Amino acid sequence: HQLLSVVTDAVIAYLAAQRAAGAQVLQVFDTWGGVLSPSMYREFSLRYLTRIARELERGDGDQRTPLILFGKGTGLHLAALADTGADALGVDWTLDLADAVARTGGRVALQGNLDPATLYGNPDAIERAAGATPRCPGADTPRPPGPLGCALEPPLPQLVAARVLQGVGGAMLLPVGRLAVMRSVSREQFLRAMSFIAIPALVGPLIGPTLGGWLVEVASWHWVFLINLPIGVIGYVAALKIMPDHYA
């Protein structure tokens, strides 16, 4: 117990440091808990997992950092693990999720239970196995494209399609922008104009990561995509008002 107490103190300190460094979720793995007898598990594993869950400072409200406890082969102890104070429990593939829900009584979130060996199968087998697990409500609802589609957390194929559409729109900026400049300024001013419009392309990679990190911290990752919407509207309105209409 003396050694386990030292290890537990170190784990709590390490997780606290991870949270301070910006980790958005914390997880503790108990890989060998399932090989212990019930009495030994309660004395040598559950006891210290409970200490971690109760002594680790995780914040409150929107600033709370969730803690997940995962134990391989510890399905029989899910009810006790749900009472530790953890926010979520990892469930391995040896336990049915419906059984896990019944044992935890909805007190914690549940994560996982797809057999890792499934990933060695073909895509159809993986899709069938993943489809057999519970899904979030509305997961099959059609999503709008572009940044809004990405921010609405769609299924993976729709997310990839939204990102492709977003990339196509971004790829059009350079040639369309150059063509607009060529049509709008004289030959003598062209070089100066092209140098000016290149500034955003140079400044963007410098402020983008900092702005993105700030948005994730103060709001959520969704705003990394949603911020494109008001900027796009402003750009569209400005183009209508400022850019000359060469086809009028």
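User: A salt bridge is a side-chain nitrogen of Lys or Arg within 4 Å of a carboxyl oxygen of Asp or Glu. How many salt bridges does the structure hold?

Analyst: This is a predicted model, in which local features need pLDDT of at least 70 and side-chain atom pairs count only at pLDDT 80 or more, while totals for chains, interfaces and linings use all residues. Residues are numbered from 1 along each chain as its sequence is written, and side-chain values use heavy atoms, without hydrogens and water. One of the salt bridges pairs Glu55 with Arg51, and another pairs Asp87 with Arg64. The number of salt bridges in the structure is 6.

User: How many helices and strands does the protein have?

Analyst: Helices (H or I, at least four residues) and strands (E, at least two) are DSSP runs, numbered from the N terminus. Read from that end, the elements follow the order α-β-α-β-α-β-α-β-α-α-α-α-α-α. The protein therefore contains, by this DSSP assignment, 10 helices and 4 strands.

User: Which residue forms a salt bridge with Asp9?

Analyst: In this pair the closest N and O atoms are 2.4 Å apart, Asp9 being bridged to Arg51. Asp9 has a relative accessible area of 43% and is partly exposed. The partner of Asp9 is Arg51.

User: What is the relative accessible area of Arg51?

Analyst: Buried means under 20% relative accessible area, exposed over 50%, and partly exposed in between (1.4 Å probe, protein chains only). Arg51 falls in the partly exposed class. Its relative accessible area is 22%.

User: How far apart are the closest N and O atoms of Glu55 and Arg51?

Analyst: Both residues belong to helix 2, and as they are 4 residues apart, about one helical turn separates them. Glu55 is partly exposed, at a relative accessible area of 46%. The salt bridge of Glu55 with Arg51 has its closest N and O atoms at 3.1 Å.

User: Where do Asp87 and Arg64 lie?

Analyst: The side chains of these two residues, Asp87 and Arg64, form a salt bridge with an N to O distance of 3.0 Å. The pair ties together parts that are 23 residues apart in sequence, because Asp87 lies in the loop between helix 3 and strand 3, and Arg64 in the loop between helix 2 and strand 2.

User: Are Asp87 and Arg64 buried or partly exposed?

Analyst: The relative accessibility of Asp87 is 24%, which counts as partly exposed. For Arg64 the value is 33%, and this residue also counts as partly exposed.

User: Which residues do salt bridges with shared partners join into one network?

Analyst: Asp9 forms a salt bridge with Arg51, and Glu55 forms one with Arg51 as well. Through such shared partners, one network joins Asp9, Arg51 and Glu55.

User: Which residues does Leu81 touch beyond four places in sequence?

Analyst: Contact means heavy atoms within 4.5 Å. Leu81 is one of the core members that touch the most other members. Leaving out residues up to four places away in sequence, Leu81 touches Tyr41, Leu46, Leu49, Leu69, Thr74 and Leu89.

User: Is Ser45 buried or exposed?

Analyst: Ser45 is a residue of helix 2. Residues up to four places away in sequence aside, Ser45 touches Asp30, Leu36 and Met40. Its relative accessible area is 9%, which makes Ser45 buried.

User: What share of the contacts with a separation of 6 or more joins residues 24 or more positions apart?

Analyst: The protein has 248 residues, and 25% of them are buried. Among the contacts with a separation of 6 or more, the share from residues 24 or more positions apart is 48%.

Note on methods
A nonpolar core is a set of buried Ala, Val, Leu, Ile, Met, Phe, Trp, Tyr and Cys residues joined through side-chain atoms within 4.5 Å.
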